[in-house]
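The following account leads the reader through a structure chain by chain and then across the contacts between chains.

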Amino acid sequence: MAELKQERTFWERLILIDRRVIYLIIALAMTLPFFFQMGLPIPATKEVQDIYDHIEALTPSDVVIISADFDPSVSPELLPMFDALFRHCLKAGVKVMAMSLAVQGPGLIEPVIHDAAKDYNKTNGLDYAFLGWQYGFTLVIMNMMEDLKQTFPVDYYGTRTVDLPILQGVETFADYDLIVSLAGSAVYMNWLLYAHEPYNVPLACGVTAVSAADVYPYIQSGQFLGMLGGLKGAAEYETLIEEKRMATMGMEAQNWAHIIIILFIIIGNIGYLIIGRKK
Amino acid sequence: MQISTNPWVWLGVFFTFSVLSFLYKDNPFYKLAEHVTVGVSIGYFMVIWWTNTVNPRFIIPVFENGDYYLIIPAIMGLMMVLRIVPKWSWLSRYAICFTVGAGAGMGIPRSMQASVLRQLESTMLHLGFGTTTGINNIVIFIGVLAVLIYFFFSKEHKGVFGGAAKLGIWFLMVGFGATFGYTVMARLSLFIGRVLFILQDFLGIPLAG
Amino acid sequence: MLWKKQIPLAITFIMGLVFGIQYFVPHRVSDTLFKNYLNFAIVIGVFGTILAYISFYRAHTMRIRRKAPAWPYSVIAIIVSIVMAIFGFAQGMEAGTVFSNMYFYVLVSIEATMFSLLAFYISSAAYRAFRARSAQATALLVAAIIVMIGRIPLGEGMSFWTLIFPEAPTFPDIANWILNVPNMAAKRAMQLGIGLGMMMLSLKIVLGIERSYMGGGD
């Protein structure tokens, strides 16, 4: 065994390096950049700009529904999106409603809604509504297209939705001016199939970077008017609303972690070529 | 730097490191975290399930508004629970077939419309070599066709058909590459979220961008 | 057989047929039927959820009774679930309550960290498994690297060639092109296949060809 080890070349040893060394390097690459921030600009891509422009063009009587369809496992990517979008809606003065198709979603967005409302001096039930969660994914989508208050008889805090001033006159799909699904899975497709196609409700989505590449066909076809893709999408939105928050900070670490991973790929491939040629 | 004095934050940090310890190897702290999360999830679900759905969608309508017809779907829902009783599990099929049948029926026209017709329509683009858009449209059209041919297994991949299928593989590879590139960002974001929690919420380091 | 299989299959067929046609019928009766179905289905699902609770408590109590390996953790899972529910019902779900804190500092911390482990695994995979073994694998690798660089803020600055050719596309430009053109074409073809597959599956369910959702047994 000892002899075998001695026979190993530099590249072989490098390729067979202990996985925990790799873990340590990547952990440092994701932690240290927070102490040496570069503050590089994060310009908005077209997909993100289109959502921003759509909300900017709305009037105070218009309704935006943001559905936080994700759970804690992907919250570092999608929660900053919710934060940025919700703040933008409060700033723009539109009627904004938060809801969730994922049972763990409401608990995640509740503190974000609370903080944003405090920062913008907005009141629950008057300037925004937090509808909470309802059982049924697709059933909820179809039901709220037909009757919002029947779908959500009470809000997250247990207040009857018929008593909420913000919901007066908001009944069916005809009253929704934008729905944004922040989806931790392929649930954005449910919104497409059951809200956009039959009712033509303007629809946008925010997805994890894993799913982002899959959404492009639906943006090109105009079915989604825009998309926030991963942490980068959230950071772009923060740039647009001129509030550098969670996502912008996160992108600092993304810079160096990406470079390290690319270096890993290059080193791994050089090693593979050298060892392969030798063999 | 000001370390948090909030015991909840300390608990959050404890569980964060308990889970991270799995990177070294499986251990009792990780197992503890694993089971605690299942317990908390169930408890959380029970409360939100009752408050947001059972109470407003069943208890109030039936006992306050007199919508007694809702007892029928409630019984059908309870029939689903019989799934775990082997002798009576067949009764659960009534509720399952009721919802699955309707769901399947609803899905057919909507899938056809959103995922097939609209997608096909959007591929019928203006082709041309005069502009960048025109060239891109040609690439899109050829790409969609080539990948569809690759997935068409009823004809042997030979000759022109085989060549088109091979081109389809190239498009797929670029597509998978794009997905992988994005996936790296996704996975890193998840850890960055935890780093931010420890640095900001626990250690109290101001990091505002 | 009739009660256990044929009638349930007939229900699937009738429901599938009715709600497949309902989409194309913009009539008041059709709308009422649709709305009532939605209300019915949600209540069915809400009560069906009880199955999840029973499964959870049954699985863990059985582990405790049998003294299965690591059974004390099952005791913890049961106790934690009950404590969480008690606090939720007693205090409500507002920010600052024990329920909310348990959710945010325990559940979120654990779940988010569990998934954050993937950051390490993908790094390790990039180092050990992401190889240019063929021309097609190289295409995948190159596209991945361009998208990776093009999606980070440093991407613009890393496009060194723009120092000589300022008008040339940068990494973010190339990444955008990859995503919007070849990637889009590949994903569209896949989505078309998925869309057709979903339709076929639905059709097979309605026609009683696909029956796995009914579970085993007679």
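Chain B of this predicted model contains six helices and zero strands. Read from the N terminus, its elements accordingly follow the order α-α-α-α-α-α. The radius of gyration of chain B is 27 Å, well over the 17 Å that the globule rule gives for 209 residues, so chain B is more spread out than a compact globule. Along the principal axes, the C-alpha atoms of chain B fill a box of roughly 65 × 60 × 35 Å.

Chain C is likewise described by helices: nine of them, with zero strands. Its elements, taken from the N terminus on, run α-α-α-α-α-α-α-α-α. For 218 residues, a compact globule would have a radius of gyration near 17 Å, but the value for chain C is 27 Å. The box filled by the C-alpha atoms of chain C, taken along the principal axes, is roughly 75 × 55 × 40 Å. The domain assignment divides chain C into domain 1 (1–48), domain 2 (52–129) and domain 3 (134–194). Between the C-alpha centres of domain 2 and domain 3 of chain C there is a separation of 39 Å.

Chain A is divided into domain 1, which is made of two segments (2–36 + 254–278), and domain 2 (46–244). The C-alpha centres of domain 1 and domain 2 of chain A lie 41 Å apart.

The contacts between chains come next. Where chain C meets chain B, the contact takes 103 residues from chain C and 95 residues from chain B. On the side of chain C that touches chain B, two or more residues come from each of α1 (2–22), α2, α3 (50–65), α4 (71–91), α5, α6, α8 and α9 of chain C. The largest share of this side is that of α9(C), with 21 residues. By class, the residues of the side of chain C that touches chain B divide into 77 nonpolar, 21 polar and five charged.

Chain C also touches chain A, with 44 residues of chain C in contact with 44 residues of chain A. At least two residues of the side of chain C that touches chain A are supplied by each of α2 (28–48), α5 (98–128), α6 (135–150), α8 (171–180) and α9 (182–206) of chain C. Here α5(C) gives the most, with 15 residues. The side of chain C that touches chain A has 27 nonpolar, nine polar and eight charged residues.

Individual helix pairs show how such contacts are built. Two packed helices are described by the angle between their axes and the distance between the axes.

By class, the contact of α4(B) with α9(C) has 13 nonpolar, ten polar and one charged residues.

What angle do the axes of α5 of chain A and α6 of chain B make where they cross? The axes of α5(A) (residues 75–92) and α6(B) (residues 159–202) cross at roughly 80° and come within 8 Å. This angle makes α5(A) roughly perpendicular to α6(B). Ser75(A), Pro76(A) and Glu77(A) of α5(A) meet Ala186(B), Ser189(B), Leu190(B), Ile192(B) and Gly193(B) of α6(B). The residues of this contact divide into four nonpolar, three polar and one charged.

Within chain A, the axes of α7 (residues 138–146) and α9 (residues 188–199) come within 9 Å and cross at roughly 20°. That angle makes α7(A) roughly parallel to α9(A), and α7(A) passes α9(A) in a right-handed crossing. From α7(A), the contact draws on Thr138(A), Ile141(A), Met142(A) and Met145(A). The residues from α9(A) are Asn190(A), Trp191(A), Tyr194(A), Ala195(A) and Tyr199(A).

Methods:
Residues are numbered from 1 along each chain as its sequence is written. Chains are lettered from A and ligands numbered from 1 in the order in which they are written. This is a predicted model: local features need pLDDT of at least 70, side-chain atom pairs count only at pLDDT 80 or more; totals for chains, interfaces and linings use all residues. Two residues are in contact if their C-beta atoms, placed from the backbone, lie within 7 Å. Helices (H or I, at least four residues) and strands (E, at least two) are DSSP runs, numbered from the N terminus. Ala, Val, Leu, Ile, Met, Phe, Trp, Tyr, Cys and Pro count as nonpolar, Asp, Glu, Lys and Arg as charged, and the others, Gly among them, as polar. Axes are lines fitted to C-alpha atoms, for helices over the stretch in contact, and angles run from 0 to 180 degrees between N-to-C directions. Angles under 35 degrees count as roughly parallel, over 145 as roughly antiparallel, 65 to 115 as roughly perpendicular and the rest as oblique. A crossing is left-handed if the near helix is turned anticlockwise from the far one by less than a right angle, and right-handed if clockwise. Domain bounds come from an automatic or database domain assignment. The radius of gyration is taken over C-alpha atoms; the globule rule is 2.2 Å times the number of residues to the power 0.38.
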